[in-house]
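Let's take a friendly walk through this model together. Have the sequence and the 3D view open as you read.

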Amino acid sequence: MTQPLRVVILGGGFAGVYTARQIIKHAARARPVDVHIVNRENYMVFQPMLPEVISGSVGIADTVSPIRRIVPKASLHMREVESVDLENNTVTCSPGFRPKSLVLEYDHLVIALGNVTDFRGMTGLAEHAKPFKTLGDALALRNHVIHILEEADSETDRDMRERMLTFVVAGGGFSGVEVIAELHDFVNRAARTYPNINPHDCRFVLIHSRDVILQEVDSSLGRYAQELLQKRGIEMMLGDRLAAATAEHAILKSGTRIGTKTLVATVPSNPNPVVEALDLPKDRGKLLADATTRVRDTQNVWALGDCALIPMPDHTADKPRYAPPTAQHAIREAAVCGDNILASADGRPLRNFAFAGLGSLAALGHRKGIAQIMNFKISGLLAWFMWRTIYLMKLPGLDRKIRVGAAWFLDLFLQPDLVQLRVGKSSGVN
């Protein structure tokens, strides 16, 4: 009997999960496959919708999809990756309930680990800034904001009250812009519930190191988003960056201090420590792959998603250009990677990644957005509607589409629920 092809995939995001699905779907019957996914959670997060968890526009569980449902024939291991032995083709994972590490052998290794928020070298950020990368981060921020509003409603000290009602977000990319827009909407709607909080007393600040936010889209759309947010009262501190933090202040590189009890940092984003530890070709901390998604100077190691640099179709030595870390690119990289692993095992030619991208979308709150689709630039209500329609279609599973669609429809008419969800265990005292 033919031995199964053993594939170990590190990471349970779009890149990793869709690679597993591609391999299992297209594996020849004569060549069985044994696919293992290593991920800390048993679900895949739909990142574009995380900001809406803050306001409760979607249910907490509606932004995630169980990995076992998407790829039921893959083996899932909810573990941390401890080490990768490239010479012996093994991956060592953290212990579970038993004090014994899990060792997985592989014929092919796929590295699809997402970036992590890294506060090293930035004084006080690890203690006082809130990252925004995971579902847990989004839920923690929502709970924190509700707690702030509850406390501010009864706070009599003027200076403390100002700090409590000041919300600061560092990072003017998609994540930071959508978080500040969602925070602004949520706090202003929620403030009506509190008799002692006037929405005009709330302050919102976005910090960005460039002159225009949303560098990922055309500058005209970035300026539109910037002006729109400023008209709503969101302050822009441009050409500056977050340098440090205390329990009471966000401190910028310029020396400016902003009094706040809510500091959200969507930057800096750095490669996963597992990737940093690998003795493989890298540039700026990311793994260098060729157009087939195979890591340079290797035969059985593949990389894609946030942790990889995969050349785009128009990539040249004079003008290097790599695939951006977006879901649409990750899904198509996964299709190429999955096919090429099977082709490599069978001795067939490999194919190249050749996807230029369909465009970019961002939600700006208040039913406004921006969209850059092919050569078309769209802003306002239509762009917001396109954002919701396109991402609803991309959600894995019909049940998720129905739940999110219903939540979005009800959100048009209903006020948000100001429920702080505490996840700590009870004391056990009756």
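Start at L412, which is partly exposed with a relative accessible area of 34% (buried means under 20%, exposed over 50%, partly exposed in between, with a 1.4 Å probe and protein chains only). L412 sits in the segment after helix 12 (398-411); helices (H or I, at least four residues) and strands (E, at least two) are DSSP runs, numbered from the N terminus.

A word on the source: this is a predicted model, where local features need pLDDT of at least 70, side-chain atom pairs count only at pLDDT 80 or more, and totals for chains, interfaces and linings use all residues. Residues are numbered from 1 along each chain as its sequence is written, and side-chain values use heavy atoms, leaving out hydrogens and water.

Now look at two loops. D297, between strand 21 (286-288) and strand 22 (301-303), has a positive phi near 65 degrees although the residue is not glycine. D297 counts as exposed, at 77% relative accessibility. H366, in the loop between strand 24 (359-363) and strand 25 (369-373), also has a positive phi, near 55 degrees. H366 is partly exposed at 43%.

Finally, find the open sheet of three strands, ordered 15-16-17 with antiparallel pairing (two strands pair if DSSP finds at least two bridges between them). Strand 15 (242-245) and strand 17 (257-259) are the edges; each has a single partner strand, so one side of each lacks a neighbour in the sheet. Three bridges join strand 16 (residues 249-252) to strand 17, and I251 has R257 in strand 17 as its bridge partner.
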